Amino acid sequence: MTDEQLSALLRLKRYEQPPAEYFDRLLRDIQRRQRTDLLRRPLWKIAFERVQTLFCEHSMGHMPYAGAMAAVLVAGIAAIGWLTPGGTAPPQNPRFIPEAKSAAPQRLLSLQSDPAPPFDWQPLSTAQPGFAPVVPQPRYVMDARPVSYEPSSSFNF
Amino acid sequence: MQDELSRKQDDELIARTQAGDAAAFDELIVKYSARLYGLVYNMTSNHEDTNDLLQDIWSKAYRSITGFRGKSSFYTWMHSIGVNMTINFLKKRGRRFHLSLDDIDANIQNDKEFIELTASSSPVRDADLGELQKRLNEAMQKLSHDHRAVVTMFDIQGMPHAQIAKILGISEGTIRSRLFYAHRQLQNFLTEFH
């Protein structure tokens with residue numbers, strides 16, 4: 001078999017096509033499948049896509065699109081900051097806060113029967129022989145106020 | 001000119017689809033399904049698998065069309081999706097396939113190639129063309145997935161080397177070498193038949 005004969009035989013395979021009505025059925029099947037896929041998707045994904053479409057580049061000009069995206073970004077960052085506990089959290093119930101703050105030192109005192117004398121923060125004298133001049137480093141005394149005595153969370157109900 | 005007009009129409013339909021017009025996407029399905037069918041069917045040799053794959057391919061295209069930026073033609077893009085998904089499917093399916101020539105279109109009787117092949121004094125004149133086509137399908141299935149894809153696009157669908165290279169993401173030299181090797185293999189299989 002020559003190359004030409006093989007090519008001619010292969011070209012005949014392009015006639016292996018289903019009847020024309022098959023393609024109508026295929027279109028209907030694809031549409032049905034798209035609808036099914038849409039129903040299976042979570043609600044948040046659909047909502048997200050709709051918002052995306054609303055703000056998409058085809059719906060508005062480039063500048064309003066960029067402005068809208070910036071506004072969404074700023075609103076998102078603000079929302080995260082507002083919702084994060086310990087950040088810019090909403091004000092706590094004022095009735096409980098002074099109580100918690102005043103209770104902590106009292107308990108601390110009762111636990112420490114022999115409190116250590118306060119540390120002298122004076123740097124070593126540079127005039128003292130045998131010592132190089134030391135740059136004073138700030139130190140923080142962590143054991144004077146146990147962490148567990150802090151209010152456990154910002155939600156004091 | 002025809003190609004340019006067709007591409008303009010495609011661009012418009014794609015823009016409408018990207019804007020949420022599902023009817024525009026339906027037009028693209030109608031326009032390209034027959035060619036995609038030819039590609040997938042000649043790689044799988046099975047109508048049912050082709051039907052399932054076409055649905056998968058169009059669904060994937062619909063989900064991805066927002067990312068289509070028009071760097072290549074829609075036709076090339078769709079064929080890339082089609083070839084990749086079909087090759088992945090064939091790798092999973094293994095060697096199971098079902099041959100059927102029942103779907104051969106009646107137009108074949110008017111085709112110049114068909115008339116020449118059956119009427120001229122070629123070596124295949126006396127052979128049963130149906131049987132020969134069956135043997136050809138079997139021989140096609142013996143090719144590797146990559147070689148079958150190249151033969152399908154070049155010999156059956158009549159695409160130029162450059163376009164096949166773009167679809168498969170390989171050089172034109174590789175396309176030529178794959179075609180040469182695939183033709184030799186097919187000729188060997190079919191020579192055994194004579």
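Is B:Leu179 buried, exposed or partly exposed, and how many other C-beta atoms lie within 10 Å? B:Leu179 has 18 other C-beta atoms within 10 Å and is therefore partly exposed; a residue is called buried if 20 or more other C-beta atoms lie within 10 Å of its own, exposed if 12 or fewer, and partly exposed in between, with C-beta atoms placed from the backbone. The model is a predicted one, in which local features need pLDDT of at least 70 and side-chain atom pairs count only at pLDDT 80 or more, while totals for chains, interfaces and linings use all residues. Residues are numbered from 1 along each chain as its sequence is written, and chains are lettered from A and ligands numbered from 1 in the order in which they are written.

The model scores ipTM 0.75 and pTM 0.60. Confidence in each residue is given by the predictor as pLDDT, on a scale from 0 to 100. Chain B has a mean pLDDT of 83, and 80% of its residues score at least 70. For chain A the mean is 68, with 46% of the residues at 70 or more. Contacts are counted between residues whose C-beta atoms, placed from the backbone, lie within 7 Å. In chain B, pLDDT stays under 50 over residues 100–106, for which the model has 13 contacts beyond four places in sequence. Where pLDDT is low, the predicted coordinates should not be read in detail.

Secondary structure was taken from DSSP runs, with helices (H or I) of at least four residues and strands (E) of at least two, numbered from the N terminus. Chain B has nine helices and zero strands, in the order α-α-α-α-α-α-α-α-α along the sequence. Of its 194 residues, 29% are buried. Among the contacts in chain B with a separation of 6 or more, 69% join residues 24 or more positions apart. Chain A has five helices and zero strands, and its elements run α-α-α-α-α from the N terminus on. Of the 157 residues in chain A, 6% are buried.

The largest nonpolar core holds 44 residues, of which B:Leu36, B:Val40, B:Leu54, B:Val150 and B:Ile164 touch the most other members. Such a core is a set of buried Ala, Val, Leu, Ile, Met, Phe, Trp, Tyr and Cys residues joined through C-beta atoms within 7 Å. The greatest contribution comes from helix 2 (residues 22–44) of chain B, with nine residues. Domain 1 (1–98) and domain 2 (104–194) of chain B both supply residues, so the core lies between them; the domain bounds come from an automatic or database domain assignment.

B:Leu179 itself lies in helix 9 (residues 172–193) of chain B. With the same exclusion, the contacts of B:Leu179 are B:Val150, B:Val151 and B:Phe154. B:Leu179 and B:Val150 are 29 residues apart in sequence, and their C-alpha atoms are 6.6 Å apart.

In chain A, helix 1 (residues 3–11) has A:Leu6, A:Leu9 and A:Leu10 buried. Seen down the helix axis, the buried residues fall within an arc of 100°, so they line one face of helix 1; the arc is that of the directions from the axis to the C-beta atoms. Helix 2 (residues 20–40) of chain A has 21 residues and should span 30 Å at 1.5 Å a residue, which agrees with the 31 Å between its end C-alpha atoms. The expected span is 1.5 Å times one less than the number of residues. Two of the 21 residues of helix 2 of chain A are buried, so this helix lies largely in the open.

Contacts between the chains include those of B:Gln55, which touches A:Asp29, A:Ile30 and A:Arg33. B:Gln55 is in helix 3 of chain B and is partly exposed, with 16 C-beta neighbours inside 10 Å. The loop between helix 2 and helix 3 (47–64) of chain B contains B:Ser45. B:Ser45 has a positive phi of about 60° although it is not a glycine. Most residues other than glycine have a negative phi.

Methods: Two residues are in contact if their C-beta atoms, placed from the backbone, lie within 7 Å.
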